Each structure stands twice: as structure tokens, then as C-alpha cells.
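Open the model in your viewer and keep the selection tool at hand. We will go stop by stop.

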Amino acid sequence: METFQLVSPEGVLADDPAAADVDGDLCRGLYRDMVLARRLDAEAYSLQRQGELGLWLQSWGQEAAQVGSIRAIRDTDWVFPSYRDHAAAMCRGIGPEELLAQWRGVRQSGWDPARHRFHLYTLVLAAQLPHAVGYAMGVQRDGADEVVMTYFGDGSSSEGEANEAFNWAVTMAAPVLFFCQNNGWAISTPTSAQYGAPLHRRAAGFGLATQLVDGNDVLAVRAATARAAAAVRAGEGPALIEAVTYRMAGHSTSDDPTRYRSGAELDHWATLDPLERLRRLLDDRGWATPGFVEELETEATELAAEVRRVCRAMPDPDADAMFAHTLAVETRSQAAERAGYAAYTASFVD
Ligand SMILES: Cc1ncc(C[n+]2csc(CCOP(=O)(O)OP(=O)(O)O)c2C)c(N)n1
């Protein structure tokens, strides 16, 4: 399958009917989303390095895949994310404090899924896929005019749960859109060691309508997602998009990617940077209106300051809360553990 692309790495927009609604307003909006997401991501990374967060998984390099897809569906459509979908989360109005709370370890989760129609981050690989299918079956039962989109990675695509979800979604004709960000790596496992056939081909075997898209081309991702979502919404059954992108950062702040991947590979992908590509288009078309870039830079700097402020201002949780949220009805052994922990912490007083 040919990779769908609308903007070349040089920033040239294709003469394609799928680009018919592309204009300056649209491109400035998408560029803003990506710039702000990258700034938050970089700031959170620094905060982790300063000991303010326990862990952070960067979305650096994957902004176009996330922004292009989430901006192509309706705000009323439900999303079941993975764990590095910060750009998508921000587009759903999830703020810095909500995004960071889980990684600072002060709350079990950061936001109210129902408010943003954006489910909680899922760290158990691919578990969110059957969740999305189940939710989509409810949507279908209720006759609701909704699409359920779920994000996952190339590594997750070889999990049993992903494959069960594909099969079940097709069997039930559930209105679900599977969105894979193929970022080249599952921690240190390259896609070449992950599977024998690319996901869009495997998924077609399940009966899913599939599309392979340049995941660093925000306009192509948006057009492909809009097309797939429209078909899913019209009752044509589930679909899958494989967006080819790249994880510019390490897997997480606990990872050292120099141990397993080359600088040359990173250099190559840097030339395909999604932000720079759209910036070239904005500049070539004269769509970067006077003051746009400067105002965006100011907005990003203010966001970074806000990220630092809300992160440091989060109150430490009461350690006892971890027991309170473990079981609905406390068992004797947990009560003993809780009391033991309280005695242990009390032993430090004075
Ligand atoms: C069920 C399960 N198995 C293993 C892990 C450990 N693990 C965490 S992230 C990861 C790699 C995931 O790669 P991919 O799905 O491509 O997503 P990416 O991190 O690249 O976004 C693994 C193996 C896990 N979290 N859950």
C-alpha cells in the first residue's frame, strides 16, 4: 500500500482533492497545537530530570500523528489513549496539572474522562483496544452518532488483546477507529523484530478497512482520519490507520536510546520533523501572518512557566490514600498492612 501524504518534507502541498479545505487558518491552528504540545512535553521532561516527576514518556516527534487525528474527529467522539498521547490530550482541553498529576504520583489519574471524552492513560499495552470496542458496542446499541477512536503503538499491535479487539470489532461491526502510531520502536525492539507483516496488512486480514499514512504530515493524517471516521460513523464498520512516525526521544525518562539505535537514524528522522514541515508550508504560502510566530512563542513560553508552576504546586498525597483506593472493602490483611505502614512512617517523627 502506498503511504498517503499531502505535504512533502520540503513543505510542498500536493494537488489532491483531499487538500481542498486546507487554508491558512487551518494550518496555523494545527501548527499552534503542535508547538504547544512540544513545549509542554519538553518542560515535563526537564521536570522529571529535576526530580519533580517520577516518570515521563515523551511525545516528541509524534505531534502530527496525534494532532492531525484528534482534530479530524468530533469533540463528542470518545478516545481511548495509550500513555504518550499528550498532544491529543491537550487538544481535548486537558490541562498541564491534569496531565502531570499521574506522573508526579499525586493522583491515580489526572482527569475526568467523561468531561473530556478522553479516557485515562493505559499503561497495560493494548488493553485500551478491547475497552474501545466494548464502548463502541454500547454506542452502537444506543444508536449514538459517535465514533470511538483508540491510540496504540506498533509494539502493542502484536499483543493478543489488540488482535482480539480487531477481530471482535469487525465481527460486531463496532464503530471504532484504531489509530496506530508506528514510531519505529517498542522500547528497544525495532519494528523489524516485532512482526513479519506491517500492521495495515495484518489488520486488512481481519476485515478492517485500513489506511497507511505519513504520520509526520499533519494534513495527511487529518484527511485520512476524517475519511475513515466518516465511514465508521456511516456504519461501514471499523477501520484502522497506521501512521508512520518516529519517537525522537527515548522510550521514557528511564531509557537510554543510544544503547540501541544509531545517531544516523535520529538525524534522518530529524529531517522529517512534523513541525518544521508545516512551518515550511506556512512560510511558502505566506500563511504565517504578521506576529503569528512571535505570539505563539510567547504563548509557549507562558505555557512552560505554567507547567512548572502547577507541577510544583501539587500537594503531596497522603500516603494512606493509596490503601483507600486499592479495595472497595478492606480485607484484614490490607488493614494490617495499612496499620503497619502508618506505624512505620510514625517512627520517623522526631
Ligand atoms: C502488557 C504489557 N506488556 C509489556 C509492557 C512493558 N512495555 C511498556 S511500553 C512497551 C513498548 C510499547 O511499544 P509501542 O506499543 O510501540 O508504544 P510506544 O511506547 O512506542 O509508544 C513495553 C513492552 C506493558 N506495559 N504492558
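Predicted model: local features only at pLDDT ≥ 70, side-chain atom pairs only at ≥ 80, totals over all residues.

Residue numbers start from 1 along each chain, as its sequence is written.

**Stop 1: the sheet.** Show the strands (DSSP runs of E, at least two residues, numbered from the N terminus). Five of them form an open sheet, in the order β1-β2-β3-β7-β6. The pairing is parallel; two strands pair if DSSP finds at least two bridges between them. Now select 78-80 and 209-214: these are the edge strands β1 and β6, and each pairs on one side only. Neighbouring strands are turned by 20° against each other on average, direction ignored. Such angles run from 0 to 180 degrees between N-to-C directions, with axes as lines fitted to C-alpha atoms, for helices over the stretch in contact.

**Stop 2: strand β3.** Select residues 176-182. β3 pairs with β7 (residues 239-244) in the parallel sense over six bridges. Find Phe178, which stands opposite Leu240 in β7. β2 and β3 also pair in the parallel sense over six bridges. There, Gly153 stands opposite Gln181 in β3.

Is β3 buried or exposed? Seven of its seven residues are buried, so β3 is largely enclosed by the rest of the structure. Buried means that 20 or more other C-beta atoms, placed from the backbone, lie within 10 Å of the residue's own. In a regular strand the side chains alternate between the two faces of the sheet. One side of β3 has Val176, Phe178, Cys180 and Asn182; the other has Leu177, Phe179 and Gln181.

**Stop 3: helices.** Helices are DSSP runs of H or I, at least four residues. Select α6 (residues 128-142), which lies across β1, β2 (148-153) and β3 and runs at about 170° to β2. Next, select α1 (residues 24-49) and α11 (residues 274-285). Their axes come within 10 Å and cross at roughly 150°.

**Stop 4: the ligand.** Select the 14 residues around the ligand; each has its C-beta atom, placed from the backbone, within 6 Å of it. Leu125, Gly153, Gly155, Ser156 and Ala186 come nearest.

Methods
Contact = placed C-beta atoms within 7 Å. Buried ≥ 20, exposed ≤ 12 C-beta atoms within 10 Å, placed from the backbone.
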